[in-house]
Amino acid sequence: MTIDRQVMQRDLAAHLAREEGLDLLPQSAHADLKSYIVEAHPADSLQTASRMLSEGGERADVKVQETDDPSLFLLMATVLNEGQEEEVGFWVDVANPRFWLLHTKTNASPAGTALRRLVGHSPRLDTAWLPRNQLRSVQSRFKPFGFRLGFDERPFYRREVDMLELEEPTHKLNVEHAGVGAERIYQLLEANELTRRAMAVAEVAFWKSSGDGTQLMRLTRQGRLRSTGQSLDSHLQAARAVVRSYERFIVNLELAFGLQFSGDDSGGILEGRPLSIQTQKPEGFQFQSLVERLVSGIEPFRILGTVDWRAEEVAWVEAVDLHTGAPLRMDLTPTWMRVYLGHGLCGNTLARFITNLQRAYDASLSYFDEASDDLFAQEAQAGEALPT
Amino acid sequence: MPPWPHPLYNIGYRLARIEQPVGVEGGEVCADLVLTAEERNAALVVECKEGTVQHQQATRYEQMTAVDLVQTGNVTLPNPNEALLGLAYAVAPEHVESTLMGLAKYAPAAGVLEVGSELKWHGPPPVDPALRQMLSAPISTDLEAVPRLLLVDEATPAQDLAGPIANALHGAIVQGRDSVTISSLIEMACWGWPNFGRGFQGKLSRDVQKMLKDAASRELSGIVSVEGARNQSYATVRIHGSATATTQAGELRAQRALRGKLESFVLRVSGRPANEYPGQLRLEVSDDDFEDDLSDD
């Protein structure tokens, strides 16, 4: 039997229609169709992407099977989910060699476990990390239908600290809204000083109508697009739109911030600039403990480093991104931060750092530099105003 | 509200060249920084000093014209023959007086840019009216907030780079590499280091190689070894062991243990105390689970 994109299309469409699909991949009976973005650095060709997938699969003990389409693969894994072994399967589309799409018909929890295993064993692979404005920018291209906020600054607290004694008005916030009034609700919460700092968007929901009906989709900040409805075309087009937008975002980060000193004996020039971030100082905890925690390797940051305290609230940090092995240099203060990214390093590292800072430190952080252009602004995300 | 003021940027200046040799009537002078403001047809040449004014260098700066800069210095100005060319010696506050005295003799047109808790201009006013206006009053600065763009210069000893080198080595180990050249490690630690000349490259490579070879028999024993090469830049660090564990928590513990050894190496060679700032905390961090975005169907 030939296995190609038409087969994938039939298989996924059957799943959306709750029909018996092709028996090529495991599926969960009531699972929504989901697509995940995986970033492969620095894959620039189909051959590289195929090799990275194959090597990553071997290390992570997941089975990778070629299809008759050279840019399409099947991936299967057995994972432990709530104490039970569960089979997970993905269609892996590497047509874009750097930004892959993995489609699955299995439940989110085991699928996520399998994906984390694949990515966790491959320093060159990572999931997508969409900061707040990236998510909202994607949402704005469809009909918005809600959002979920997920903010939690507890990673920065010491365990023995009694939360009741802390001064922070909001140290954890989980809010889910569904409905066409999403934008007004969002603005209402954002306008309130009690919640402004905690407006970390974890997921956006939106819908699209077509001849096949209405497709309701949810996109998370880790690049998972989940979909209910009958229209596979709508789902795949939305997935492609997310990848397109994310690719532009990451490439622009690399162009703007990849620091490089080039030249020769007849002088040189410095290209790129550090990423500068403005934040609000949280009320509830010491900045020094925050920095120590930030670079201690904890989730979700996975940054392990050494702190050189230059003043009470000025830290110079040399660290390693444990996920990719990328060296990171940072200047950290309670109200501003700088991240230095060497030329050739992966923009996904910056995207992950920003997304997780929003999720655990200050969701209202803003980017700034001398040029005063805001790469995290919605217009820039959409590509209309690219940095120069 | 950026942490470091950028008054030159605000009036249109952009950094055009670093360490740029420029041919002048009396010979050649190597300008530390060349900034241009094309809109106003202006250039500013900056020499960074520690209080000394070298007779020959200052004289050549005094001779420099905008045409010299354009024709021999890889710089573009809209109308070189009529361009405004300014010269400043940038010094720390304690060196302002001695620099002014030295310049009065050899380069009287040059100004002195004091870089301290305030940015101040001393000496003859700048020829560019926008620069003159901008520096007419001191500008507050915070020296701790200077962007760390260039970590080395010709005078930097290798031990000052021990931290960034150790960090780059840790990165290579996390990436699962079998080996990494000394020159790659230095490039990861401080971008653009080869641009400081071959003599400096060779010395820094040799010193870093020696430093790591020593560490390979001490703190990093069993983790790395260093193999020499005829060309010092291509000497290689072989990586023998990387942290492997079956769980993420186990892997993190292994990485922290490795980090501890790298930090010991840095502390030994740099001679810095472990707690650079008296209030620094050393937390016993835990492997907390952090709620992620996965919700089930």
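**Two chains of a predicted model**

Good morning. Chain B is divided into domain 1 (7-145) and domain 2 (158-270), with bounds that come from an automatic or database domain assignment. The C-alpha centres of domain 1 of chain B and domain 2 of chain B are 38 Å apart.

A word on the source. This is a predicted model, in which local features need pLDDT of at least 70 and side-chain atom pairs count only at pLDDT 80 or more, while totals for chains, interfaces and linings use all residues. Residues are numbered from 1 along each chain as its sequence is written, and chains are lettered from A and ligands numbered from 1 in the order in which they are written.

Let us continue with chain B. Its elements are nine helices and 10 strands; helices (H or I, at least four residues) and strands (E, at least two) are DSSP runs, numbered from the N terminus. Of its 297 residues, 36% count as buried, that is, with 20 or more other C-beta atoms within 10 Å of their own, the C-beta atoms being placed from the backbone.

I now turn to chain A. Here there are nine helices and 19 strands. The radius of gyration of chain A (taken over C-alpha atoms) is 21 Å, close to the 21 Å from the globule rule (2.2 Å times the number of residues to the power 0.38) for 388 residues, so chain A is as compact as a globular protein of that length. Along the principal axes, the C-alpha atoms of chain A fill a box of roughly 65 × 55 × 45 Å. Of the 388 residues of chain A, 52% count as buried. Thank you.

Key
Buried ≥ 20, exposed ≤ 12 C-beta atoms within 10 Å, placed from the backbone.
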